[in-house]
Amino acid sequence: MQYNINIPQITLEKYKALDITHAAILYFMRQFIGESSLQTFEEDGKTWYWFASQKILDELPMLRIKDKSTLRRKINQIIETKLIKRKVDCNKTFYSFSEEFFEIYRGKDKVAENSATRWGKIPRLGGGKFRDN
């Protein structure tokens, strides 16, 4: 089970069709693409990853998704945003990730910077006081 889930809120802000459930699924996928046990294949310069639906359900019980068809519907909604793509090969569904997907997770500093600019103040570390930009 995933004990911590880090959800970049910019995902939910930019992709209005997604909710926190979708963001948690994306985070799970992001965390597990580095696992050596994950089945992958390369095609046209892209890496495709296979995630067992049951593994996602087991790792994210807080989503309260009980069946694979509900999970598939959620993943289809993510696919509509073009953050991920799907390909079926040998009766398994593989996923590939867009550059924008990786930017969301690489751009944590950008997210903090945007929030600070929006609110006009940046909290000081440890001091609890704010300073103007």
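K74 touches D19, T21, H22, I25 and I65 once residues up to four places away in sequence are set aside, where contact means heavy atoms within 4.5 Å. This lysine lies in helix 4; helices (H or I, at least four residues) and strands (E, at least two) are DSSP runs, numbered from the N terminus. K74 is buried, with a relative accessible area of 16%. For that label, buried means under 20% relative accessible area, exposed over 50%, and partly exposed in between, using a 1.4 Å probe and protein chains only.

A word on the ground rules: this is a predicted model, in which local features need pLDDT of at least 70 and side-chain atom pairs count only at pLDDT 80 or more, while totals for chains, interfaces and linings use all residues. Residues are numbered from 1 along each chain as its sequence is written, and side-chain values use heavy atoms, with hydrogens and water left out.

Helix 4 (residues 68-80) also holds L71. Here are the two residues side by side.

| Residue | Relative accessible area | Contacts beyond four places in sequence |
|---|---|---|
| K74 | 16% | D19, T21, H22, I25 and I65 |
| L71 | 1% | I25, S53, I56, L57 and I65 |

L71 is buried too. Its C-alpha atom is separated by 9.7 Å from that of T21, 50 residues apart along the chain.

Six bridges join strand 3 to strand 4 (residues 92-97), and K85 has S96 in strand 4 as its bridge partner.

Axes are lines fitted to C-alpha atoms, for helices over the stretch in contact, and angles run from 0 to 180 degrees between N-to-C directions.

Elsewhere, helix 2 (residues 20-32) and helix 5 (residues 99-106) pack at about 90°, their axes 12 Å apart. That makes the two helices roughly perpendicular, a label for angles of 65 to 115 degrees. A23, L26, Y27 and R30 in helix 2 meet F101, F102 and Y105 in helix 5.

Definitions and conventions: Pairing = 2+ DSSP bridges. Parallel < 35°, antiparallel > 145°, perpendicular 65-115°, else oblique.
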